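This report looks at the confidence of the model and then at its aromatic ring pairs.

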Amino acid sequence: MSEEILINVTPHETRVAVLENGVLHEVYIERTRRRGLVGNIYKGKVSRVLPGMQAAFIDIGLERTGFLHAADIVKTFEEFEAEAVADTMAAEAKETSISTLLAEGQEIMVQVVKDPLGTKGARLTKRISIPSRYLVFIPERDILGVSQRIADEEERQRLRQIILGYHEATRQLTVAAGNRLVFYETTAFRHALDNGGFIVRTAAEGVPAEDIHKDMAFLYKLWKSTDARIRGAKAPAIVYEDLPLVLRTMRDFVHGEVEQIRIDSRETCARVRRFATNFVPELLERIEYYPGERPILDLYSVEDEIHKALNRKVQLKSGGHLVVDQTEAMTTIDVNTGAFVGHRNLEETIYKTNLEAAQTIARQLRLRNLGGIIIIDFIDMQEEEHRHQVLRALARHIEGDHAKPSMSELTSLGLVQLTRKRTRESLEHILCESCATCQGRGTIKTVETVCYEIFREILREVRQFDAKKLLIVAAQSVVDMLLDEESTGVAELEQFIGRPISFQVEPVYSQEQYDIVLL
């Protein structure tokens with residue numbers, strides 16, 4: 001599989017498109033006026049403690065306070081997958097009241113793990129971490145872990161020894177073997193990691209010790225300057241800001257399978273080259289400036305794909321289609337055969353549609369950046385083997401997803417449940433807003449419904465206020481119905497209230513908008 005990254009830079013926004021075999025799979029958008037907050041570290045102040053929710057609201061200087069749960073204070077190692085330790089800490093989290101951990105007015109260091117979404121403030125954690133190209137630095141924690149994606153045990157041991165060798169630790173280390181996260185509890189380990197712990201990232205596989213040591217030195221220096229800002233800052237204040245999107249792309253998403261990185265801004269391209277020279281010199285030859293007259297995201301029809309990703313309906317090549325509905329609680333995906341009639345029998349038609357849908361769904365999850373709970377309603381299949389094949393196909397296609405979705409078996413109702421990590425807003429939330437006419441409902445009242453509302457409102461108005469006549473201001477479609485199909489009803493209403501009613505079209509009004517003016 002070959003990958004290519006296209007980067008479009010304008011003064012107002014940066015867009016990054018990740019293509020696999022020429023097909024758009026992911027798009028990241030960062031606007032100058034509204035940069036993402038994930039990874040930023042703040043010195044905040046506890047504004048409210050909620051014992052009933054085991055959580056607190058933290059003022060970090062944003063429009064809405066951030067949300068900090070007790071588990072993000074106590075369960076120190078859970079995210080690093082040390083099961084035994086995590087279980088112990090989970091028990092502690094349940095037993096320890098948030099009131100004993102935090103007090104209103106207290107200053108606290110927190111990091112954003114989820115951007116504000118909708119009406120919710122940022123999700124925060126007290127477990128600070130700072131990533132670089134090969135490592136994740138964990139301040140003030142003497143822990144050492146290696147990414148599970150590095151399967152070779154010899155390579156895992158080599159990387160552990162590289163980290164420990166930074167301070168030339170000489171004591172015999174007791175190493176807990178296994179492919180999960182490993183903790184070292186010896187004196188030499190504490191000496192080697194006296195400034196903080198590390199998680200070795202997948203990108204470090206096969207990398208020389210010298211390059212990893214450079215990363216360690218960079219992270220130590222970065223944390224030292226951040227710590228100095230922490231001590232001098234007055235809450236609420238930001239003390240560390242993550243890299244902009246272009247450089248985060250180089251740090252987090254560029255790997256050996258990326259064949260080309262094309263950037264349409266000469267200045268940004270030079271900046272990326274400088275970054276690559278210091279951190280990923282092996283990628284320098286793959287970075288190129290794109291001077292073409294044709295917009296870079298028009299290549300491979302990327303712009304068209306972004307527009308399609310905002311539609312509810314996703315067409316399948318076979319003629320079937322998906323219907324994607326994103327709500328605050330969850331996202332639902334319905335699979336339909338549509339125009340696909342197959343060639344053999346109904347069961348075979350349904351099976352082929354579901355197989356194609358599984359591949360498309362995996363791509364749409366990444367492209368639309370859908371997170372949280374996702375419910376997939378595949379077309380009902382009678383054969384057990386077909387159901388297993390579709391589930392296996394879906395599991396295979398979501399393996400390459402950076403957000404690491406987890407999948408359940410088919411429920412008794414024939415639904416598949418997915419959960420996908422949500423840290424940033426979905427593509428729809430970034431590019432769209434609720435319809436001013438329907439207020440996000442997806443439907444509007446019929447003209448007939450609005451006409452009858454007007455009749456009821458007229459009766460209320462004339463009972464409360466004295467007026468010689470009434471003027472109805474409404475949309476063209478509403479006025480047309482009142483003067484045509486409902487003209488008899490209007491005449492009867494005029495006779496009943498004893499006052500004349502006139503009408504005026506307001507072109508800017510939506511179908512649901514109207515005013516009743518008493519004259």
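## Confidence of the model

The model is predicted, and its protein chain averages a pLDDT of 85, with 89% of the residues scoring at least 70. Over residues 75–93, however, the pLDDT is below 50, although the model has 30 contacts for this stretch beyond near neighbours in sequence. The pLDDT also stays under 50 over residues 169–192, where the model has 58 contacts beyond four places in sequence. Where pLDDT is low, predicted coordinates should not be read in detail.

## The pair of Tyr28 and Phe253

A search of the whole structure finds 6 aromatic pairs. In one of them, the ring centres of Tyr28 and Phe253 are 4.8 Å apart and the planes stand at 25°, so this pair is stacked. Tyr28 belongs to strand E3 (residues 23–31), whereas Phe253 is in the loop between helix H7 (245–252) and strand E14 (258–263), so the pair ties together parts that are 225 residues apart in sequence.

Tyr28 is buried, with a relative accessible area of 19%, and Phe253 is buried as well, at 18%.

The rings of Phe137 and Phe198 have their centres 5.3 Å apart, and because their planes are at 45° the pair counts as tilted. Phe137 lies in strand E10 (residues 135–139) and Phe198 in strand E12 (residues 196–200), so parts that are 61 residues apart in sequence are tied together by this pair.

Methods. Residues are numbered from 1 along each chain as its sequence is written. This is a predicted model: local features need pLDDT of at least 70, side-chain atom pairs count only at pLDDT 80 or more; totals for chains, interfaces and linings use all residues. Side-chain values use heavy atoms; hydrogens and water are left out. pLDDT is the predictor's confidence in each residue, from 0 to 100. Contact means heavy atoms within 4.5 Å. Rings of Phe, Tyr and Trp (its six-membered ring) pair if their centres lie within 6.5 Å; planes under 30 degrees apart count as stacked, over 60 as edge-to-face and the rest as tilted. Helices (H or I, at least four residues) and strands (E, at least two) are DSSP runs, numbered from the N terminus. Buried means under 20% relative accessible area, exposed over 50%, partly exposed in between (1.4 Å probe, protein chains only).
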